[in-house]
Amino acid sequence: MSDGAEAAEQPGNTKDGGKVRDREWRIERGVAIRAGFYIFGTHLFAGFVWLLFYLGEHAHK
């Protein structure tokens, strides 16, 4: 008897379990995209700073 009650309490075993999985997938995807933007933006900023140092070192004074 308790097997049915335990199964109903587990996540993903409800009527809208697909919606829960879809929501989790969207959250994970959003985090991955955001992390990609942050990594790309950090590298872009680091490249810009490197370019400033390079141009400053080779500037005619």
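The scale I used: buried is under 20% relative accessible area, exposed is over 50%, and partly exposed is in between, with a 1.4 Å probe and protein chains only.

I am working with a predicted model, where local features need pLDDT of at least 70, side-chain atom pairs count only at pLDDT 80 or more, and totals for chains, interfaces and linings use all residues. Residues are numbered from 1 along each chain as its sequence is written, and side-chain values use heavy atoms, with hydrogens and water left out.

**Entry: the salt bridge**

Which residue forms a salt bridge with R26? I found D22, with the closest N and O atoms 3.6 Å apart. The rule asks for a side-chain nitrogen of Lys or Arg within 4 Å of a carboxyl oxygen of Asp or Glu. By this rule I count one salt bridge. D22 counts as partly exposed, because its relative accessibility is 37%. Both D22 and R26 lie in helix α2, four residues apart, which is about one turn of the helix.

**Entry: the fold**

I counted two helices and zero strands in the protein. Helices (H or I, at least four residues) and strands (E, at least two) are DSSP runs, numbered from the N terminus. Helix α2 covers residues 17-57.

**Entry: the aromatic pair**

I searched the whole structure and found one aromatic pair. How are the rings of W50 and Y54 arranged? They are stacked, because their centres are 5.6 Å apart and their planes are at 20°. Rings of Phe, Tyr and Trp (its six-membered ring) pair if their centres lie within 6.5 Å; planes under 30 degrees apart count as stacked, over 60 as edge-to-face and the rest as tilted. W50 and Y54 both lie in helix α2, four residues apart. W50 is exposed at 56% relative accessibility, and Y54 is partly exposed at 40%.

**Entry: the surface**

I noted a nonpolar surface patch of about 780 Å², made by F45, F48, W50, L51, L52, Y54 and L55. Patch residues have over 30% relative accessible area and no salt bridge; like charges are joined within 9 Å, and nonpolar side chains (Val, Leu, Ile, Met, Phe, Trp, Tyr) within 5 Å. F45 is in helix α2 and is exposed, with a relative accessible area of 57%.

Buried residues make up 2% of the 61 residues. The accessible surface comes to about 6,000 Å², of which 64% belongs to carbon and sulfur atoms. Areas come from the Shrake-Rupley method with a 1.4 Å probe; for residues, only the protein chains shown count as cover.
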